[in-house]
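Here are some notes to read beside the model. Please check each point against the coordinates.

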Amino acid sequence: MQSEREKMLAGALYDALDPELVADRERARDLCHDLNASRERDQDLRRRLLTELLGSGGDSVWIQPPFYCDYGSNIRLGQRVYFNFNCVVLDVCTVEIGDFSFFGPGVQIYTASHPLEAKLRRTQEFGKPVSIGSDVWVGGGAIILPGVTIGSRTVIGAGSVVTKDIPEGVLAAGNPCRVIRENIAGDSDE
């Protein structure tokens with residue numbers, strides 16, 4: 001029989017009040033609290049906390065506190081990912097982010113969701129993983145919903161609500177987020 005954690009990571013209905021999951025969330029919240037209470041000059045402490053909190057990428061990520069997440073261990077980052085102030089990652093399922101992706105202030109990434117049926121919603125929830133490619137820039141205040149994939153080299157405009165997959169190499173914005181312009185790969189000074 002699957003544990004509640006295994007069900008959660010598989011995207012099946014699970015009980016979020018399972019003692020193991022509660023303990024894992026408490027661990028993550030304690031680490032986030034310590035990170036958020038740290039001073040700018042405490043870079044060694046921040047690096048240690050991020051390495052302990054995140055599933056991978058804690059050794060090179062730059063997170064500007066405050067930062068909040070559910071578990072941390074389900075967040076897998078490539079090299080030199082950057083989160084600006086006040087970002088939230090609800091990682092009941094995996095959140096995978098490629099190298100050199102940047103997130104503006106107040107970006108929220110959700111993998112958690114809830115059943116539409118009220119009675120079931122009282123005791124169960126589920127999630128869908130989020131995947132974000134390399135060299136992605138997500139503007140401030142954007143919200144990325146469960147199950148979304150964003151392709152590499154894409155820019156998501158500030159305040160966007162990303163409800164569906166966005167291909168690579170585009171500028172996308174709005175609520176719901178949609179492609180504004182394709183093939184932006186040649187716009188840089190590289």
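1. Which residue in β18 does A172 stand opposite? A172 faces V179. Strands β17 (residues 171-173) and β18 (residues 178-181) pair in the antiparallel sense over three bridges. Strands pair if DSSP finds at least two bridges between them. Four residues lie between these strands, and in this hairpin G174 takes a positive phi near 110°.

2. This is a predicted model: local features need pLDDT of at least 70, side-chain atom pairs count only at pLDDT 80 or more, and totals for chains, interfaces and linings use all residues. Residues are numbered from 1 along each chain as its sequence is written, and side-chain values use heavy atoms, with hydrogens and water left out.

3. The structure holds one cavity of 30 Å³ or more. A cavity is a set of points on a 1 Å grid over the protein atoms alone where a 1.4 Å probe fits but cannot get out. The largest cavity holds about 50 Å³ of space, the volume being that filled by probe spheres set on the points.

4. Q43, R46, R47, L50, W62 and I63 line the largest cavity (lining: an atom within 4 Å of a point). Two elements give two or more residues to this lining: α3 (43-53) and β1 (62-63). The largest share, four residues, comes from α3. By class, the lining has three nonpolar, one polar and two charged residues.

5. R46, L49, L50 and L53 are the buried residues of α3 (under 20% relative accessible area, 1.4 Å probe, protein chains only). Seen down the axis of α3, they fall within an arc of 95°, so they line one face of the helix. They pack against α2 (19-37), β1 and β2 (67-69) (contact: heavy atoms within 4.5 Å).

Conventions:
1 Å grid on protein atoms, 1.4 Å probe; cavity = no way out; pocket = protein on both sides within 12 Å on 5 of 7 lines; lining within 4 Å. Nonpolar A, V, L, I, M, F, W, Y, C, P; charged D, E, K, R; others polar. Buried < 20%, exposed > 50% of the residue type's maximum accessible area, 1.4 Å probe, protein only. Arc of directions from axis to C-beta.
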